[in-house]
Amino acid sequence: MANETHTKGKTSYIARSFGFAKPFWKLLLATIVLNTIFSTLTALTVATIKPIFELIFSSTIKEEIIPVQSTFLAQLKTEFYSFLKKIVISPGDIASTLLNLGIFIIILFILKNFFKYWGSITNAMLEENIIKSIRKKLFGKLTLLDIQFFNRTQTGAIISTLTNDVNVVNSTTVSAFTGLLREIIQVALYFILLLSISPSLTFIAFSSGIATVLILRIATNYLRKYASRMQGAMADFTSILQESLSGFRIVKAYNLENHLNTKFFNQLQKYFRSSIKFQSIIALVPSINEIVAIIALVVVFLVGGGRVIEGTMQAEDLMLFLFSLFSIMSPVATVVHNISQFQRGYVSSKRVFDILDQPTYIKSGSKIPSKFYREIEFRNVTFSYDTGEVLENVSFAIRKGQKIALVGPSGSGKSTIVDLLIRLYDPLSGEILLDGQNIKNLDIQSFRNLFGIVSQEVILFHDTIENNIRIGNFNATKDEIIQSTKISNSYDFIMKLPNEFETVIGERGVLLSGGERQRIAIARALVRNPEILIFDEATSALDSESEKIVQQAINRSLQNRTAVIVAHRLATIIDCDEILVFDNGKIVERGTHKQLLELDGLYKKLYSLQVEPL
């Protein structure tokens with residue numbers, strides 16, 4: 001039963017891979033037609049061997065006589081050679097006949113290569129369209145997936161799927177199929193030609209097919225196993241590469257070069273070993289198949305040669321049969337190879353569809369909130385990660401125009417409140433309301449447009465300063481961008497840069513200081529004119545001077561706005577309307593700065609540790 005399920009799953013993944021070609025059915029059809037014509041012309045070029053040998057050995061092309069009890073294939077062969085005779089033979093003039101035959105062969109090869117060329121171009125267009133389509137669907141799906149998926153999945157594995165696995169899916173399923181179809185057509189045409197010459201010799205020749213099927217059957221499980229190991233190892237070393245490049249400063253600071261080189265090399269070795277084993281089997285299958293086929297060819301040569309000696313078969317027919325049999329070996333080997341490659345395609349298809357089939361838990365509602373009018377309320381909210389419960393029965397409200405601060409020890413649930421507020425997660429129980437409406441019922445993009453967010457880890461892109469700010473609002477005018485930079489205290493330092501707003505700031509904004517990056521992030525949040533500003537420990541990673549400048553920017557941006565501030569440094573939130581103190585996932589204290597100091601509880605303890613010398 002388990003094997004049946006696995007086989008069904010394998011077939012399903014491969015069959016679904018062919019679905020990527022559906023939007024490009026015209027290209028697929030054109031590829032099939034062009035390859036069919038090419039294969040037919042290829043078979044015809046081999047068929048011209050017989051008249052060539054007749055001219056060489058007897059100086060004439062013999063008249064084809066149709067036997068009384070001839071088969072359909074024999075009649076077809078005779079008709080072809082009668083047609084060829086009418087085209088090339090000049091009675092009594094062997095030189096003209098040779099010339100005509102030579103011209104016919106040249107034209108045949110020109111046509112064959114013409115259709116081969118356009119078949120290759122059409123096939124390349126089909127392949128690239130399919131690869132583009134798969135990557136578009138994958139990336140689109142990734143942008144829709146919940147943050148939980150990225151928390152449990154290696155970035156390198158995702159990159160490997162988008163790059164390597166997509167290529168493998170195309171080359172070992174859809175592309176392999178078109179190549180397989182072309183070769184199968186050639187095999188079929190050669191097979192027809194062989195049958196038209198001698199059915200008995202054809203049966204002897206193709207007795208090797210039984211051995212080929214047995215070889216493929218044995219090789220399949222090994223191919224699938226090593227293909228899976230290859231793709232896994234590639235994902236692992238891609239992850240190491242991605243982590244090493246993104247953490248380059250730490251690599252240098254902690255002298256991790258040798259450690260990472262060893263780690264990366266070990267994963268390369270795993271890929272290398274699996275790849276070699278996979279390729280060994282891939283190479284072994286056609287090699288054994290060819291040996292078996294050659295043995296069959298020799299047997300055909302001996303049996304057919306005996307018939308020629310006996311006078312029951314013409315020498316020209318035997319030569320045509322042997323050439324056809326030899327010509328059929330290459331497409332048969334390609335067919336066997338492509339069938340073997342399907343095992344690798346199955347593994348890569350599974351990895352692609354594992355992403356495409358990922359469920360999305362954060363569903364968008366249909367109601368579109370245009371503004372924030374009264375309040376946001378957390379009502380009995382409980383939430384937990386896989387590691388355990390983070391929030392327990394939390395309730396509070398944020399009224400319009402109010403500035404709320406969330407404080408508490410690390411791991412107490414402050415940042416989780418922010419993640420829940422912008423619907424990166426949904427509560428396990430309880431609800432979050434915007435003006436009395438459960439936020440699950442709201443259109444998620446419109447809802448998130450109400451917020452401007454500045455976090456501790458600022459994510460900037462390898463682009464100009466203006467474009468990084470414009471991410472907050474793609475419709476913003478240049479004046480609005482400038483105004484946001486003035487409020488965020490970033491205008492002056494931007495104007496001192498060589499290209500001002502057109503300065504490219506490097507990956508993750510590496511060419512700017514920490515304080516400058518934070519001020520750009522504030523400008524990005526402000527340019528969308530948000531209803532609610534969120535600052536998630538926006539100054540905790542800065543030095544004192546940068547913190548002072550950024551805090552001034554925060555204070556200016558907060559004027560006449562609703563704000564949620566997650567703070568580690570309590571001196572920055574003493575003017576907030578209400579401070580919520582979290583501990584072990586619960587609100588243990590709440591009030592103004594003055595009220596909380598008078599309580600003489602956790603808040604006062606945390607505040608004293610920061611403002612009083614040790």
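Let me start with one residue. At 32% relative accessibility, Asp 354 counts as partly exposed. Here, buried means under 20% relative accessible area, exposed means over 50%, and partly exposed is in between, with a 1.4 Å probe and protein chains only. Asp 354 forms a salt bridge with Lys 350, and the closest N and O atoms are 3.2 Å apart. A salt bridge here is a side-chain nitrogen of Lys or Arg within 4 Å of a carboxyl oxygen of Asp or Glu. Lys 350 is partly exposed too, at 33%. Both residues lie in helix H12, residues 315-356, four residues apart, about one turn of the helix.

A word on the source. This is a predicted model: local features need pLDDT of at least 70, side-chain atom pairs count only at pLDDT 80 or more, and totals for chains, interfaces and linings use all residues. Residues are numbered from 1 along each chain as its sequence is written, and side-chain values use heavy atoms, with hydrogens and water left out.

Now the overall picture. The protein chain has 21 helices and 10 strands. Helices (H or I, at least four residues) and strands (E, at least two) are DSSP runs, numbered from the N terminus. Of the 614 residues, 48% count as buried. Take contacts between residues at least 6 apart in sequence: 77% of them join residues at least 24 apart. Contact means heavy atoms within 4.5 Å. The chain exposes about 31,700 Å², and carbon and sulfur atoms supply 59% of that. Those areas come from the Shrake-Rupley method with a 1.4 Å probe; for residues, only the protein chains shown count as cover.

On to the sheet. In what order do the six strands of the open sheet run? The order is E6-E7-E8-E3-E9-E10, with mixed pairing. Two strands pair if DSSP finds at least two bridges between them. E6 (451-455) and E10 (586-591) stand at the edges, each with a single partner strand, so one side of each has no neighbour in the sheet. Neighbouring strands are turned by 15 degrees against each other on average, direction ignored. Axes are lines fitted to C-alpha atoms, for helices over the stretch in contact, and angles run from 0 to 180 degrees between N-to-C directions.

Two helices to point out here. H13, residues 414-421, packs on the sheet and touches E3, E6, E7, E8 and E9. The direction of H13 makes about 145 degrees with that of E8. H18, residues 514-526, also packs on the sheet, touching E6 and E7. The direction of H18 makes about 170 degrees with that of E6.

E9, residues 578-583, and E10 run antiparallel, joined by five bridges. Val 581 has Glu 589 in E10 as its bridge partner. There is a side-chain link as well: Glu 578 and Arg 590 meet in a salt bridge, 3.4 Å from N to O. Glu 578 lies in E9 and Arg 590 in E10, so the pair ties together parts that are 12 residues apart in sequence. Glu 578 is buried at 16%, while Arg 590 is partly exposed at 39%. Elsewhere, salt bridges that share partners join Lys 371, Lys 400 and Glu 531 into one network.

One more pair. Glu 466 and Arg 470 meet in a salt bridge at 2.7 Å, N to O. Are these two residues buried or exposed? Glu 466 is buried, and so is Arg 470. The salt bridge count comes to 11.

Next, the other strands. E1, residues 375-385, runs antiparallel to E4, residues 429-434, with five bridges between them. Arg 379 stands opposite Glu 431 in E4. Two bridges join E4 to E5, residues 437-438, again antiparallel. The hairpin of E4 and E5 has two residues between the strands, and Asp 435 there takes a positive phi near 50 degrees.

Thr 161 sits in H7, residues 155-197. Thr 161 is buried, at 3%. Leaving aside neighbours within four places in sequence, Thr 161 contacts Leu 138, Val 166, Arg 351, Val 352 and Ile 355. Trp 118 belongs to H5, residues 94-144. Trp 118 is partly exposed, at 40%.
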